[in-house]
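Welcome! Please take a moment to look over the sequence and the 3D view below, and then we can walk through them together.

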Amino acid sequence: MKILAVDSSAKSCSAAVVEDKKILGRFFINTALTHSQTLAPMIDAVLKSVGENPETIDAFAVSVGPGSFTGVRIGVATVKGIAMPLNKPCIAVSTLEAMPYNLMSEDCIAVAVMDARCNQVYNALFEIKGGIVSRICDDRAISIDDLADELKNYNGKLILVGDGAELCYNSYKEIFDNIHLAPDNNRYQNAVGVALSAFDKNTMTAEELLPTYLRLPQAQRELKKRMESKK
């Protein structure tokens, strides 16, 4: 199966074409440019660079969250817009679940973390052993301190991966002697991981593809607080 995958869940943005888990091509940027400017041209460029087009792609995969609300919406909307007219299947992938595929050469516990602000991270834990990724816990929003308490239960090699990795590492490096920061070139969420994770998932229609948020957007959280304070 040939998959076009995209990730725009955070500051970085990427697109990749993967066939039967072989990477045919990938584009990755990590700039301040908005994803609405960069994602569509990136998809077009990576398809052209590998001699493909949307019609020759078997399925479209996208990271559906958690992550930046705007970034996730852009990625999902872009994939829906490409897949729907072609009646092509889509695959929804957790942003956190895609991250361990950056570390496939390691046997470790992958600690996938994204900065969720307010001293919290979006997080999930995965065991990587012999090139196989196994999920340990569900995606969640958790405080950096609570995550530290949980990680004390693991004696093996812990590797922080994701855009919240450095934030956590700076908090944990004096506490743990078994925790490591993923190398910069393998640290950030990317479309290759989305594609590799997608091969083991069920497909859905473009109409069924939706973002997955672990908490309400900031504006809605503030509105909820104001409404509760008036009760």
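## A helix across the sheet

Helix α2 (residues 69-86) lies across strands β1 (2-7), β4 and β5, and its direction is at about 170° to that of β4. Another helix, α6 (residues 191-198), packs on the sheet too, touching β1, β2 (13-19), β3, β4 and β5, with its direction at about 135° to that of β1. Do keep in mind that this is a predicted model.

Let us stay with α2 for a moment. The helix has 18 residues and spans 26 Å from its first C-alpha to its last, close to the 26 Å expected at 1.5 Å a residue. Its buried residues include Phe69, Val72, Val76, Val79 and Ile82. What do the buried residues of α2 pack against? Their partners are β1, α1 (35-49), β4, β5 and β7.

The open sheet is made of five strands in the order β3-β2-β1-β4-β5, with mixed pairing. At its edges are β3 (22-29) and β5 (90-93), each of which pairs on one side only. From one strand to the next, the twist averages 15°. Strands β4 (residues 59-63) and β5 run parallel and are joined by four bridges. In β5, Val93 is the bridge partner of Ser63.

## Two nonpolar cores

In soluble globular proteins, nonpolar side chains tend to be buried together. Here the largest nonpolar core holds 35 residues, and those touching the most other members are Val111, Val113, Leu147, Leu151, Leu160 and Tyr172.

| Element | Residues |
|---|---|
| β6 | 108-117 |
| β7 | 120-129 |
| α4 | 144-151 |
| β10 | 158-161 |
| α5 | 165-172 |

Strand β6 provides the largest share of this core, with eight residues. Leaving aside neighbours within four places in sequence, Leu151 is in contact with Val111, Leu125, Leu158, Tyr172, Phe176 and Ile179. There is also a second, separate core of 22 residues, among them Leu4, Ile43, Val62 and Leu209.

## How confident is the prediction?

The chain averages a pLDDT of 93, and 93% of the residues score at least 70. Over residues 217-224, however, the pLDDT is below 50, and beyond near neighbours in sequence this stretch has four contacts in the model. Where pLDDT is low, the predicted coordinates should not be read in detail.

Conventions:
Residues are numbered from 1 along each chain as its sequence is written. This is a predicted model: local features need pLDDT of at least 70, side-chain atom pairs count only at pLDDT 80 or more; totals for chains, interfaces and linings use all residues. Side-chain values use heavy atoms; hydrogens and water are left out. pLDDT is the predictor's confidence in each residue, from 0 to 100. Contact means heavy atoms within 4.5 Å. Two strands pair if DSSP finds at least two bridges between them. Helices (H or I, at least four residues) and strands (E, at least two) are DSSP runs, numbered from the N terminus. Axes are lines fitted to C-alpha atoms, for helices over the stretch in contact, and angles run from 0 to 180 degrees between N-to-C directions. A nonpolar core is a set of buried Ala, Val, Leu, Ile, Met, Phe, Trp, Tyr and Cys residues joined through side-chain atoms within 4.5 Å. Buried means under 20% relative accessible area, exposed over 50%, partly exposed in between (1.4 Å probe, protein chains only). The expected span of a helix is 1.5 Å times one less than its number of residues.
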